[in-house]
Amino acid sequence: DGAFYSPDIGGELNLPATLMHLGDQAFGGTFITEVKMGGMPGLRNDPNLTLAGNPFSGCDNLPVDPETCIMYETDVENGPRVVVGVGEYHDETTGYTHYNVRVSDLVFPESVRYILSGLDISDSPKTITTTGPIYSVGSAAFISPTAKVHTITFGGNVGVVESKAFYELPYLQVLTFKGKVGTIRSNVLWGTPESLTGDGSLSITFEGDVGTIEAGAFDATTSQESNVYGWSPLKDHLTSVTFGGAVGTIGEDAFRGCTSLKTLAGCKPANLGARAFYNCQALTEAPDLSLLSEVPQGALAYCLNIKAVDAGAATVIGPSAFKGCASLVSVDAPMAATVGKSAFEMLPKSGGGWGTALTDVTLAETVTLGEKAFYGCAKLPGLKTASGGEPVVTLATSVFYECAALTGVTLDPATTEI
């Protein structure tokens with residue numbers, strides 16, 4: 001980072017053909033006029049070539065497209081092109097000097113491969129579209145609290161979406177990825193409550209496979225102090241997420257606190273992190289958990305409106321995994337031999353009684369139940385196995401506290417104390 005940051009460097013920059021990484025502001029503040037690699041204009045067309053932040057930040061002498069005012073690292077259009085930011089363009093007809101994107105519908109040419117940080121989209125674009133594969137979308141790639149952009153569409157595969165990529169975009173309503181997505185970093189939708197002045201809600205669609213959605217990617221925790229990933233006021237904004245392909249990993253706290261997230265379609269992750277959907281109160285359908293070997297801690301805790309869970313391959317239901325899921329009726333986990341502390345614990349209602357609908361739970365033939373595993377499940381008549389019998393259980397403290405409808409359980413013959 002900042003390796004050659006200097007106002008004393010200018011002219012043509014020729015990088016080694018074998019270069020694999022450019023750090024943030026590596027050539028920031030210089031007066032370079034064009035970037036070459038191995039003597040060829042532009043950077044090597046290689047998704048393994050990584051760019052951190054904006055290696056060319058403040059390089060005001062790089063080429064500027066007069067139509068859009070977008071700055072590139074080279075004038076060559078057959079790529080790969082790097083969107084460095086917004087340049088200065090003086091319109092001789094109007095006498096106006098432009099410093100932000102000028103067009104209302106911004107379409108990046110197919111040759112664009114990198115969108116670096118600092119693309120000022122104040123006031124102008126209403127839609128943004130990429131047509132070719134994008135290797136990386138940088139931190140704060142799209143930025144402006146006054147931006148009117150409502151739709152962003154990535155037409156090809158996307159390698160990495162960096163943290164804060166979509167920075168304070170108050171009117172954003174539709175975010176679509178039509179190809180595969182490699183990695184979504186933490187807090188990609190960064191902002192402040194004051195910035196969310198736009199109407200409507202936000203829907204996100206992944207039409208292709210998604211590799212990794214990292215920890216805290218869309219975390220909407222209401223307290224900045226308790227949110228280690230940053231500040232993202234999505235609780236009143238994000239309403240729909242759709243997956244059209246395979247989903248690799250959804251990290252811990254990925255959608256935590258997205259209280260308006262109602263629709264989660266096609267979500268069948270191979271791996272799921274702790275608290276991934278914690279407190280998604282409006283969610284009406286749980287993700288398909290049938291590929292997981294373990295349902296992690298707090299995975300869907302306080303998802304008040306989900307009704308059924310399929311965790312067919314899970315051998316472990318983690319602590320508080322479904323705590324407070326008041327509308328949950330059935331759980332199918334026929335291989336689960338361990339149910340963690342408070343996994344299905346229900347909470348008392350303010351008017352009396354217990355907020356619970358759970359009546360149908362399928363577990364393994366032999367199960368160890370953690371403390372308060374079914375605490376307050378007042379409608380639960382008992383547990384069953386896939387064969388139709390009852391599991392043999394080992395109990396901890398208060399496992400079936402206030403389970404008024406319970407008709408019986410089968411204890412491990414080795415039990416000496418209840």
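What share of the contacts in the protein chain with a separation of 6 or more comes from residues 24 or more positions apart? In this predicted model, the figure is 47%.

Start with the overall build. The protein chain holds 37 strands and 0 helices. Its C-alpha trace spans about 85 × 45 × 35 Å along the principal axes. Of the 418 residues, 50% count as buried. The accessible surface comes to about 17000 Å². Carbon and sulfur atoms supply 49% of that area.

The largest nonpolar core has 94 residues. F142, F255 and F374 have the most contacts inside this core. Take F374 as an example. Leaving aside residues up to four places away in sequence, F374 touches F344, L358, V361, L363, L369, L380, L383, V399, F400, Y401 and C403.

Now the charges. The chain carries 23 positive and 44 negative side chains. The centres of the two sets lie 7 Å apart. Side chains of opposite charge can pair when their charged atoms come close. Here the count comes to 10 salt bridges.

One of these salt bridges joins K36 and E12, with the closest N and O atoms 3.2 Å apart. K36 lies in strand β3 (residues 31-37) and E12 in strand β1 (residues 10-15), so the bridge ties together parts that are 24 residues apart in sequence. The two ends differ in cover. K36 is buried because its relative accessible area is 17%, under the 20% limit. E12 is partly exposed, at 48%.

R275 and D253 form another bridge, at 2.8 Å from N to O. Both residues sit in loops. R275 is in the loop between β27 (269-272) and β28 (294-295). D253 is in the loop between β25 (247-250) and β26 (263-265). The partners are 22 residues apart. D253 is buried, with 3% relative accessibility, whereas R275 is partly exposed at 24%.

A further bridge runs between D360 and K384, whose closest N and O atoms are 3.1 Å apart. This pair links strand β33 (residues 360-363), which holds D360, to strand β35 (residues 384-385), which holds K384. The separation is 24 residues. D360 is partly exposed at 28%, and K384 is partly exposed at 34%. Elsewhere, salt bridges with shared partners join E162, R185 and E214 into one network.

Conventions
Residues numbered from 1 in each chain as written. Predicted model: local features only at pLDDT ≥ 70, side-chain atom pairs only at ≥ 80, totals over all residues. Heavy atoms only, no water. Core = buried A, V, L, I, M, F, W, Y, C linked by side-chain atoms within 4.5 Å. Buried < 20%, exposed > 50% of the residue type's maximum accessible area, 1.4 Å probe, protein only. Contact = heavy atoms within 4.5 Å. Helix = DSSP H or I, 4+ residues; strand = E, 2+ residues; numbered from the N terminus. Areas by Shrake-Rupley, 256 points an atom, 1.4 Å probe, with all protein chains shown as cover. Lys, Arg positive; Asp, Glu negative; His and termini not counted. Charge placed at Lys NZ, Arg CZ, Asp CG, Glu CD. Salt bridge = Lys/Arg side-chain N within 4 Å of Asp/Glu carboxyl O.
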